[in-house]
Amino acid sequence: MAHLPIDALERRSAQCQAGFLLPSLKSGMSVLDCGCGPGSITFDLARHVAPGVVIGIDAEPAQIERAIQRAERPDNATFQTASVYDLPFETGRFGVVFAHALFQHLRDPSQAISEMHRVLAPGGIIALRSPDWGAIIIMPPTPALMSAFKMFIDVYYENGTPLAGRDGPSLLRSAGCQDVTFTATVEHENPANLGQFAAAKLIAPEQEEGAACLRAWAANPDALFAQMWGETVARRSE
Ligand SMILES: C[S@@+](CC[C@H](N)C(=O)[O-])C[C@H]1O[C@@H](n2cnc3c(N)ncnc32)[C@H](O)[C@@H]1O
């Protein structure tokens, strides 16, 4: 589901991707990382809260298998296959519940938040970071390329939430959270990877021109891609 190769996901870190959450973490906290993928951010969170325990869950068994097998996994990071819509944990179990790059793939973000909120202890912290496909900079911004990107976003996120980056505060307020704080950061991505990935999603005959445009962009030395990521932290009411 990720638009990055797995080794790019494995280069992610809590310092770079969860810096907005780190000041809230303390030794001994219990953390749930929803949609953890191969676990790189989860490992870092575990180092921050040790000897507290971090559990990573992901709907794809292959991601969980990869996270478990990685040599650098700290002892206090464990993983299991589960959906964010149906978390196999008792109510109020965690001091912190986190999701990075998950919500853009969800058809029903409110249901996911309600389940994340359920497993959070009163006074606990909930944190989301998601990309926003309505806040992107693409160079060079030719009409053909912009329309090829729109086609890709419509296809790839047909069952997701491409504008998830801006939704965090309203989702968390609707779930009854307090002390909601929003920040935003910009990430850039390698057009060679993104262009090829996006082109490969456009397989219908009427999408052929869009796919060709994305492949040409991937090979263009002047190509640039940057995107806003929305970061929201809030607290469950006591
Ligand atoms: C883009 S990856 C992000 C992985 C990791 N959080 C990171 O940032 O490196 C999104 C992950 O969400 C998982 N996912 C998608 N839908 C899910 C669901 N309903 N419940 C749990 N995980 C899900 C996918 O399997 C995938 O591993």
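Two residues are said to be in contact when their C-beta atoms, placed from the backbone, lie within 7 Å. The model discussed here is predicted: local features need pLDDT of at least 70, side-chain atom pairs count only at pLDDT 80 or more, and totals for chains, interfaces and linings use all residues. Residues are numbered from 1 along each chain as its sequence is written.

By this criterion, M116 touches C34, V84, V97 and I126, residues up to four places away in sequence being left out. M116 also belongs to the largest nonpolar core, which has 47 residues; V31, L32, C34, V97, F98, M116 and I126 are the members that touch the most others. A nonpolar core is a set of buried Ala, Val, Leu, Ile, Met, Phe, Trp, Tyr and Cys residues joined through C-beta atoms within 7 Å. A residue is buried if 20 or more other C-beta atoms lie within 10 Å of its own, exposed if 12 or fewer, and partly exposed in between.

Helices (H or I, at least four residues) and strands (E, at least two) are DSSP runs, numbered from the N terminus. Helix α8 (residues 191-201) packs against helix α9 (residues 208-218) at an angle of about 165°, their axes being 8 Å apart. Axes are lines fitted to C-alpha atoms, for helices over the stretch in contact, and angles run from 0 to 180 degrees between N-to-C directions. The angle makes α8 roughly antiparallel to α9; angles under 35 degrees count as roughly parallel, over 145 as roughly antiparallel, 65 to 115 as roughly perpendicular and the rest as oblique. On the α8 side, P191, A192, G195, Q196, A198 and A199 meet A211, L214, R215, W217 and A218 of α9.

Helix α9 also packs with helix α6 (residues 143-156), here at an angle of about 115° and with axes 9 Å apart. That angle makes α6 roughly perpendicular to α9. From α6, the residues A144, L145, S147, A148, M151 and F152 meet G210, C213, L214 and W217 in α9.

Strand β3 (residues 77-81) contains T78. Why is T78 counted as partly exposed? T78 is classed in this way because it has 16 C-beta neighbours inside 10 Å. Leaving aside neighbours within four places in sequence, T78 is in contact with V53 and I55. T78 and G56 are 22 residues apart in sequence, with 6.3 Å between their C-alpha atoms.
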